[in-house]
Amino acid sequence: MKTKTCAKCGNEVDMAGKFCPKCGSSEFRQTAVVVKEDNPTLVHKLFYWNYDGYYMLAKSKLAGITSFIFFASMVFLAGAPPMMFLFGAVIGALVFLLGIGLHNLVSKPSKAKREYNDYGFITDLKHFLLFWQDKKTGQYVLSKTKVISHLVFMLFAIIASFMPLGLNIFSIILFGLFFEVPAFLIGTGVHKITKPFTPKPEKEISRPKQIPKTKPVVEKPIETPVGTELYSGYKNQIERLIEEYNVKEKHTRDLIAKRFEPPQLTYTRFIGVVDKSTQMFTHQADSALTMINLANEYSVKIEEEIKSKITIMKNITSKLDDLTNELVLTIDKSDDEDINNLFDDMSNLIKSVSDYD
């Protein structure tokens, strides 16, 4: 697979792109990249499921192997007879088969969720033990439920180990689990009710009534099932970028109105560049969605063009982020040097995209 790199700044650019989104240069150098074939390791075979090329940690495999190790360790840690190895293998197999049954009943995870996995066994195990994963975006958030329940287990396991009853390690673990499981179930219920992934709406900032608010309307073309199916991953990504941009664009307009009260020339200048950014962002989004919905077969050229437009959308959103952050930092200051620099950067980006189109 070939890629090309900007000769000016070294940024990697999609093959379909005619300019560098970072610096606007049109000079590139091409390099050949060797694509690694899918060759699952022993760890993947033992601990993962393969979903259409995406690997996710298999809870049933992990539970089965952990059960076997637990019972087999009794031979060394508690002086159990060697037959405990066979007993552990049977229990591990039963746990695995039960997990397989549950696995077959659960629907296939979303593509977004599958993409946020396979970071290495240790990282994936950490995510499984300490994090919740959002079904829609695939992103992780630290689970207070899991952390607290593990701490409960450790606390009561330590208490059990100091009991004057001479408990073996098997009994100590069971004692800890007896208190951990209810804590985990209660926390899971609270997690379902609170929905920690749902973003909280931002606080409204008052703005002058005489300033009309212009909000871009993204008109989605009529969808055709074939195109949607071929590039569904890109379509979902574009729709998320549109939602993200609309929120940030509104927030930026409010900050500009608060930082530069109209009818200041600076206010008109910044609102103008935001309008142009929104117009350019909407154009790229419409163009990419049109390609997706009208495509009737897979094309490398179409995919590269869609990826190029997504990159432009991300760059516009990133510049809007930088401008918003600078406005927040200088809300009570008179020094506008950094803000003007960002203004120039946004203007150059818009000009480079316009020249490309």
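Mentor: One definition to start with: a salt bridge is a side-chain nitrogen of Lys or Arg within 4 Å of a carboxyl oxygen of Asp or Glu. Keep in mind that this is a predicted model.

Trainee: What is the N to O distance between Lys307 and Glu304?

Mentor: Lys307 and Glu304 are three residues apart in helix H11, about one helical turn. Glu304 counts as buried at 17% relative accessibility, whereas Lys307 is partly exposed at 28%. Their side chains meet in a salt bridge, with the cut-off at 4 Å. The N to O distance is 3.9 Å.

Trainee: Which side chain of opposite charge is nearest to Glu303, and how far away is it?

Mentor: Glu303 also belongs to helix H11, which spans residues 300–329. Glu303 is buried yet has no salt bridge. A salt bridge would need a nitrogen to oxygen distance within 4 Å. The nearest side chain of opposite charge is Lys307, 5.2 Å away.

Trainee: With which side chain does the side chain of Glu303 make a polar contact?

Mentor: Leaving aside neighbours within four places in sequence, Glu303 is in contact with Tyr231, Tyr234 and Tyr298. The polar contact, at 2.6 Å, is with the side chain of Tyr234.

Trainee: Which residues form salt bridges with Arg253?

Mentor: Arg253 is buried, with a relative accessible area of 4%. Glu249, also buried, lies four residues from Arg253 in helix H9, about one turn of the helix, and their closest N and O atoms are 2.4 Å apart. A salt bridge to Arg253, again at 2.4 Å from N to O, comes from Asp275; Asp275 lies in helix H10 and Arg253 in helix H9, so this pair ties together parts that are 22 residues apart in sequence. The partners are Glu249 and Asp275.

Trainee: How many aromatic pairs does the structure hold, and is the pair of Phe47 and Phe121 stacked or tilted?

Mentor: The structure holds three aromatic pairs. The ring centres of Phe47 and Phe121 are 4.6 Å apart and the planes stand at 45°. Phe47 in helix H1 and Phe121 in helix H5 are 74 residues apart. Stacked would require planes under 30 degrees apart, so at 45° the pair is tilted.

Trainee: How are the rings of Tyr245 and Phe281 arranged?

Mentor: Their centres lie 4.1 Å apart, with the planes at 10°. Tyr245 is in helix H9 and Phe281 in helix H10, so the pair ties together parts 36 residues apart in sequence. Tyr245 counts as buried at 0% relative accessibility, and Phe281 counts as buried at 2%. The pair is stacked.

Trainee: Which element gives the largest share of the largest nonpolar core?

Mentor: The core has 35 residues, and Phe281 is one of those that touch the most other members, along with Ile238, Ile242, Ile256, Ile306, Met313 and Ile316. The elements giving two or more residues are helices H9, H10, H11 and H12. The largest share, eleven residues, comes from H10.

Trainee: What percentage of the contacts in the protein with a separation of 6 or more is between residues 24 or more positions apart?

Mentor: The protein has twelve helices and seven strands. Of its 357 residues, 35% count as buried. For residues 24 or more positions apart, the share of those contacts is 63%.

Conventions. Residues numbered from 1 in each chain as written. Predicted model: local features only at pLDDT ≥ 70, side-chain atom pairs only at ≥ 80, totals over all residues. Heavy atoms only, no water. Buried < 20%, exposed > 50% of the residue type's maximum accessible area, 1.4 Å probe, protein only. Lys, Arg positive; Asp, Glu negative; His and termini not counted. Polar contact = N/O pair within 3.5 Å; in protein donor to acceptor, adjacent residues only side chain to side chain. Contact = heavy atoms within 4.5 Å. Core = buried A, V, L, I, M, F, W, Y, C linked by side-chain atoms within 4.5 Å. Phe/Tyr/Trp six-rings, centres within 6.5 Å; stacked < 30°, edge-to-face > 60°.
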